[in-house]
Amino acid sequence: MPADELPAAPHTVADWFRGYEENGRLRGFRCAHCGLVTATWGLACPRCGRSEYVDRDLPPTGAVVAYTILSVPGDDFLNDAPYAYVVVELDGGGRVTGWMPTVRDPTQLAIGDRVRFHPGYKPGVQFVKESDAGTSA
Ligand SMILES: [Zn+2]
């Protein structure tokens with residue numbers, strides 16, 4: 001790409017926020033130059049600086065790297081609080097934020113716990129513990 005040319009993405013930011021979790025898939029990017037996998041929309045790779053992102057599905061499983069219990073939610077989640085707001089490191093790369101309606105107390109979750117993306121009708125990326133994934137609706 002010539003230096004005076006702005007990078008371009010095949011979709012808009014609005015597309016990305018709508019499509020972040022879409023049809024039961026988590027969408028992300030892989031840098032074709034250095035291989036970085038990320039869930040964060042961008043025009044250039046934060047590791048190598050190239051503009052060679054290609055869309056890819058992200059794996060639905062990962063591990064909790066941070067969480068908090070949220071007790072004062074927005075309107076869409078009034079009936080769900082308290083619930084865990086989590087940061088998940090996906091298997092194979094990429095971090096996403098999401099929520100876990102089955103976790104209502106900090107003692108019910110731990111850093112490193114295995115979780116699985118659980119598509120639902122609510123907004124946001126919903127996760128369940130992998131140990132619960134087979135039994136929850
Ligand atoms: Zn890169």
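Residue V64 is in contact with V86, V88, L109, I111, G112, D113 and V115, leaving aside residues up to four places away in sequence; two residues are in contact if their C-beta atoms, placed from the backbone, lie within 7 Å. The model is predicted, so that local features need pLDDT of at least 70 and side-chain atom pairs count only at pLDDT 80 or more, while totals for chains, interfaces and linings use all residues. Residues are numbered from 1 along each chain as its sequence is written.

V64 also belongs to the largest nonpolar core, which holds 18 residues; V64, A84, V86, V88, M100 and F127 are the members that touch the most others. A nonpolar core is here a set of buried Ala, Val, Leu, Ile, Met, Phe, Trp, Tyr and Cys residues joined through C-beta atoms within 7 Å. A residue is buried if 20 or more other C-beta atoms, placed from the backbone, lie within 10 Å of its own, exposed if 12 or fewer, and partly exposed in between. At least two residues of this core are supplied by each of β5, β6, β7, β8 (114–117) and β9 (127–129). Strand β6 provides the largest share, with four residues.

Helices (H or I, at least four residues) and strands (E, at least two) are DSSP runs, numbered from the N terminus. Five of the strands form an open sheet in the order β7-β6-β5-β8-β9, with antiparallel pairing. Strands β7 and β9 are the edges of this sheet, each pairing on one side only. Two strands pair if DSSP finds at least two bridges between them. Neighbouring strands of the sheet are turned against each other by 45° on average, direction ignored; the axes are lines fitted to C-alpha atoms, and angles run from 0 to 180 degrees between N-to-C directions.

Within the sheet, β5 (residues 61–70) and β6 (residues 83–90) are joined in the antiparallel sense by eight bridges. In this pairing, T68 has Y85 of β6 as its bridge partner. Y85 in turn stands opposite W99 in β7, and V87 stands opposite T97 in β7. The antiparallel pairing of β6 with β7 (residues 95–100) extends over six bridges. These two strands form a hairpin with four residues between them, and G92 in the turn has a positive phi of about 90°.

Among contacts between residues at least 6 apart in sequence, 48% join residues at least 24 apart.
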